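Here is a colleague's note for someone meeting this structure for the first time.

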Amino acid sequence: MSLASIIGHDQTLRILRRSFAEGRIPNAYLFVGPPNLGKFTVAMEFARLIDCDDPHDLATPDLTDACGVCESCRRIDFGSHPDVLAIRPLTRIGTGAKVEVTEFEGATLTTDQVGEILGRAGMRRTRGPYKILIIARAETMNPEAANRLLKTLEEPPEGTVLVLTCSNPSALLPTIASRCQRVAFHPVPLATLEPALLDRFPDLAPDLVATVARLSSGRPGWALTLLQSPPALSVRRRLFDMLVAFPTNPLVSSLAGSEELLRLAEAWWIAINGEGAQDVLRRAGDRSRRVALADLFDLLSSALRDVLLLTVGEEDLIINRDVLLMLRNLARSTTPAKARLALSALQQVQRHIRGNANLRLASELALLQVMLVLRAAPVEA
Ligand SMILES: [Zn+2]
């Protein structure tokens, strides 16, 4: 990895590269923008640049980048760089050997985590010119931790750069925000994201890559995760196989369908979250399935939205371009009114899943409602 491998965020990278090339790196940055846009990835790559033993293109600030091969760069790859530390919000689950998970709703930065990383701020640097401390989703800090951070920001140790990422700056102490240089992140435009992904995945079907670019809503990291994971792509295909069968399956199959949906949710959780996901699934099955199921319902909703668009002749706007034939078939057997009903039924169940609804019942209800709507006698739009 390097700054050159980041998709989009050109303006942001220009600001960061120039501050490095001109030797004007502030004590603290606040990276602000919606979740999952790549703020954390950019923070890590910026750390790699400023601690690199041999950065290149120093005379051309817009191209300046880490070398990617020196000891410092490699240590960052292995997570063993003594001067580059990062913390993310966690939810602790299980007893005994505790497992910490970032993906669950309500995950927070603990006082211990913040205390530990700030404790390192005052220590001598081990190898690089800078010590870089990255605090992801800083707004999840409690007041005690925030006050400790504020003290560090008030008297910043020399050679230490703090990078806070945040998607809700109004939840952050104003005195913290005002001591950081603010850097804004925006969703990456489709016109940038799509060609970059097509370039990176020449072996995948272009329609599939174009679809994932649209599904990602400008989040390159999400798109890369999906395209790099054959198991996740296969879950999406199996999900759509279920959808195609809805208009003709007997209604009683919604029961078996909900079982299949929960199996797909588990497969999705493991495919998307990689190492350790199986263990988390075993210890916190309900919460893992809830997070994954919400993703699957998002995928189903995007397909039903496409069906709705096709019923009103707006083919240019559809997202799931790789399954156009399947969507056209569904659209032929339905009407705009029915597609709209199916979509709103799904959205309602999605809200229940984010709450506390029983997952099996909620999935069954969602499938039953969508099936009922898609097979009902034609209703005129
Ligand atoms: Zn290097």
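1. Two strands are said to pair if DSSP finds at least two bridges between them, and helices (H or I, at least four residues) and strands (E, at least two) are DSSP runs, numbered from the N terminus. With those terms, five strands form an open sheet in the order E2-E5-E6-E1-E7, and the pairing is parallel. Strand E2 (84-87) and strand E7 (181-184) stand at the edges with a single partner strand each, so one side of each is left without a neighbour in the sheet. On average, neighbouring strands of this sheet are turned by 20° against each other, direction ignored.

2. Before going further, please note that this is a predicted model, in which local features need pLDDT of at least 70 and side-chain atom pairs count only at pLDDT 80 or more, while totals for chains, interfaces and linings use all residues. Residues are numbered from 1 along each chain as its sequence is written, and side-chain values use heavy atoms, with hydrogens and water left out.

3. Strand E6 (residues 160-166) pairs with strand E1 (residues 28-32) in the parallel sense over five bridges, and E5 and E6 also pair in the parallel sense over five bridges.

4. How many residues of E6 are buried? Seven of the seven are buried (under 20% relative accessible area, with exposed over 50% and partly exposed in between, using a 1.4 Å probe and protein chains only), so E6 is largely enclosed by the rest of the structure. Thr-160, Leu-162, Leu-164 and Cys-166 point one way from E6, whereas Val-161, Val-163 and Thr-165 point the other way. In a regular strand the side chains alternate between the two faces of the sheet.

5. Taking the chain as a whole, the protein has 16 helices and seven strands. Its radius of gyration (taken over C-alpha atoms) is 23 Å, close to the 21 Å that the globule rule (2.2 Å times the number of residues to the power 0.38) gives for 381 residues, so the chain is as compact as a globular protein of that length. The C-alpha trace spans about 70 × 50 × 35 Å along its principal axes, and buried residues make up 50% of the 381 residues.

6. Helix H10 (residues 230-245) has 16 residues and reaches 23 Å from its first C-alpha to its last, close to the 22 Å expected at 1.5 Å a residue, where the expected span is 1.5 Å times one less than the number of residues. Its buried residues are Ala-232, Leu-233, Val-235, Arg-236, Leu-239, Phe-240, Met-242 and Leu-243. What covers them includes helix H8 (206-215), helix H11 (253-273) and helix H13 (285-311).

7. Not counting residues up to four places away in sequence, Arg-236 touches (heavy atoms within 4.5 Å) Leu-208, Thr-211, Leu-215, Leu-299, Asn-320, Asp-322 and Val-323. Arg-236 and Glu-100, by contrast, are 136 residues apart in sequence and 27 Å apart in space, C-alpha to C-alpha.

Terms used: Axes fitted to C-alpha atoms, helices over the stretch in contact; angles between N-to-C directions.
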